[in-house]
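Let's walk through this model together, one region at a time. Keep the viewer open and follow along.

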Amino acid sequence: MAVLDAVSADIIAELAAVVALAIFARKWTWADLAKAKKDFIARGADIIDEGYYKYKDDKFWVQTADMPRLVLSRKFIPEINNNKMVPDGTLSLTGALKDRLLTKYTDLTHIFESPLHNDVCKIQLTQHLHKLIPGMHEETEYWISQKIGDGCETNAYDVMVTCVVGIISRVYAGTGASRDPEWLKTARDYSISLFAACIALRPYPAFIRGWVAPYMETQKKLKEHLDTAKRQFSPIFAERLRLADAGLIKEEDKPNDMVQWMVDAAKGDDRDPDRLSHNLLFLTVAAIHTSAAGAVHALFDLCGNPEYIEPLREEIRETFEERGITMAAWNQMKRLDSVMKESQRINHPGVLSFNRKVEKPLHLSDGTTIPAGTMVTIPSSSIARDPDIYPNPEKFLGFRFYELRMAKKENAMRYQYTSTGPDSMQFGHGKLACPGRHVVGAVIKDILAEILLKYDVSWPAGTTQRPKNVFSGEHIGPDRSQKIVFTKRVADKTESKTQ
Ligand code: HEM
């Protein structure tokens with residue numbers, strides 16, 4: 001009975017998918033559903049583009065690789081973010097993530113039932129970011145020197161993901177984590193294992209997932225990663241909880257890392273060392289490959305558009321001279337910020353954003369009521385490449401957002417890498433927009449600045465243009481096999497002061 005209770009929501013979701021197909025395709029076999037999912041995996045981006053232009057002011061259904069989703073027009077974005085029109089509790093990001101990540105079988109339900117992982121990113125991480133910059137930069141220098149040294153031709157994704165794992169691990173738990181090979185491997189691999197587990201489970205009908213899951217190789221991998229996280233962090237969490245409970249640590253002596261923020265913020269059942277370790281592990285899913293992909297896309301766009309490199313170097317040198325390597329410096333680098341935003345605009349992390357599960361009937365201004373249980377989403381990548389919104393949308397215009405920011409006084413704080421809005425949904429939008437976006441902005445700027453000041457970057461012999469992105473269902477990623485040539489530069493007088 002317990003298993004039945006656990007799977008019943010999935011069964012309902014799957015039946016809903018078949019019923020949706022029945023209504024829209026006038027067929028309703030499981031084979032049709034499987035075919036629709038396969039079709040979306042093969043050409044999801046094209047399917048969404050097609051729907052976007054056909055129903056630009058309306059909405060359309062699409063069967064994605066996991067579930068049917070109702071794709072809403074951009075025109076609904078302001079109202080679904082307006083508390084007066086859509087009261088709290090109507091749309092749920094947590095509900096959407098629980099369904100998409102099959103949390104009942106991937107052992108993540110308790111993580112999503114608590115706001116802890118989200119709160120520590122939104123509040124403490126953002127507040128303390130400026131103090132973390134020197135440590136983050138130390139990691140960048142260290143990992144770039146390990147991976148590129150005096151220059152080489154090497155795999156771009158590997159360089160970026162190695163740097164990101166090192167920097168994020170430093171933020172999460174200091175140098176104990178950022179130089180520990182076992183943890184670094186887990187931090188890099190856990191999200192890959194999680195998505196592999198979801199892909200392996202999805203083809204099984206919902207009512208038998210609970211029985212097959214424990215025997216799947218992918219589940220075993222997840223458990224291995226969790227065991228590593230607990231082995232590494234549970235004793236540290238236990239000790240920090242003990243010090244906090246006994247009042248043995250003063251505010252000013254507290255370590256400035258995610259482990260401490262979690263200890264300070266955790267309440268009730270979350271104040272358990274193993275649970276906190278699991279939370280920390282989950283935060284690698286949100287942070288690592290998302291950020292590495294963003295850095296690789298920007299690097300590819302610079303190799304493909306080398307005319308931006310010298311103006312960026314100039315901005316980086318001047319800003320470091322004035323501000324040192326600080327948060328203020330990252331905020332001041334408007335050209336670099338613009339290049340990163342333009343790169344992310346063209347190379348969205350996914351086809352869809354703002355995935356929300358409707359928990360209470362959603363009443364839209366056009367008179368439609370969307371019933372509870374529906375998954376709604378926004379076609380963010382199509383919006384970002386719509387010529388009515390962004391002229392010449394397929395062209396990489398590195399200073400597009402810099403120019404928009406400089407055009408009017410009131411634009412100064414808009415069009416930033418971390419800004420979100422109906423036309424810029426890479427980080428979602430509204431009060432649940434990615435709480436890690438400020439840290440990822442600093443991470444990518446740090447890595448790019450380090451690379452641009454120390455190396456010339458170019459394609460290897462035989463490559464003449466940016467490799468095509470890799471599409472799979474709703475996911476968009478850079479080509480992970482592409483190599484880049486890094487040639488050590490001779491630093492000029494000004495640069496040597498900043499290095
Ligand atoms: C380029 C890199 C990243 C991208 C593209 C990205 C994108 C997103 C998006 C689209 C969402 C959902 C927002 C919504 O639907 O409104 C999200 C949520 C989130 N992100 Fe990020 N993110 C990135 C990096 C990070 C980093 C570095 C961290 C942490 C250090 C992080 C932590 C989170 C968390 C905690 C959530 C909320 C998950 C939940 O509510 O359970 N993200 N991110």
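UniProt, in an unreviewed entry, places the feature "binding site" at Cys434; UniProt positions are given in the numbering used here, feature names are shortened, and annotations may be inferred rather than shown by experiment. Residues are numbered from 1 along each chain as its sequence is written. The model is predicted, and local features need pLDDT of at least 70, side-chain atom pairs count only at pLDDT 80 or more, while totals for chains, interfaces and linings use all residues.

Where does Cys434 sit in the fold? Cys434 is found in the loop between α19 and α20; helices (H or I, at least four residues) and strands (E, at least two) are DSSP runs, numbered from the N terminus. Cys434 counts as buried because it has 22 C-beta neighbours inside 10 Å. The term "buried" asks for 20 or more other C-beta atoms within 10 Å of a residue's own, "exposed" for 12 or fewer, and "partly exposed" covers what is in between, with C-beta atoms placed from the backbone. Not counting residues up to four places away in sequence, Cys434 touches Phe427 and Gly428, where contact means that the two C-beta atoms, placed from the backbone, lie within 7 Å.

Now turn to the ligand. Which residues come nearest? Of the 27 residues around the ligand, these are Ala286, Ala287, Gly428, Cys434 and Gly436; a residue is near a molecule or strand if its C-beta atom, placed from the backbone, lies within 6 Å of it. At least two residues of the shell come from each of α4 (93–100), α7 (116–147), α14, β5 (353–358) and α20 (437–454).

Because 28 of its 32 residues are buried, α14 is largely enclosed by the rest of the structure.

Strand β5 holds Phe354, which counts as buried because it has 24 C-beta neighbours inside 10 Å. Leaving out residues up to four places away in sequence, Phe354 touches Thr377, Ile378, Met425, Gly428 and His429. Phe354 and Leu93 are 261 residues apart along the chain, yet 7.8 Å separates their C-alpha atoms.

Go back to the loop between α19 and α20 and you will also find Tyr415. Tyr415 has a positive phi of about 60 degrees although it is not a glycine, and it counts as buried with 22 C-beta neighbours inside 10 Å. Helix α19 itself (residues 400–407) has Arg400, Phe401, Tyr402 and Arg405 buried, and its buried residues pack against α17 (334–346). Leu102, in the loop between α4 and α5 (103–106), also has a positive phi, of about 45 degrees, although it is not a glycine. Leu102 is buried, with 22 other C-beta atoms within 10 Å.

What about helix α8, residues 156–173? Its 18 residues should span 26 Å at 1.5 Å a residue, and its end C-alpha atoms are 26 Å apart, which agrees. With 16 of those 18 residues buried, α8 is largely enclosed by the rest of the structure. Just after α8, Gly174 takes a positive phi of about 75 degrees. Gly174 is also one of the contacts of Asp257, together with Val171, Tyr172 and Ala173, leaving aside neighbours within four places in sequence. Asp257 lies in the loop between α12 (217–245) and α13 (258–265) and is buried, with 24 C-beta neighbours inside 10 Å.

Finish at helix α15 (residues 309–323), where Glu315 lies. Glu315 is buried, with 20 other C-beta atoms within 10 Å. Not counting residues up to four places away in sequence, Glu315 touches Met333, Arg335 and Leu336.

Key. The expected span of a helix is 1.5 Å times one less than its number of residues.
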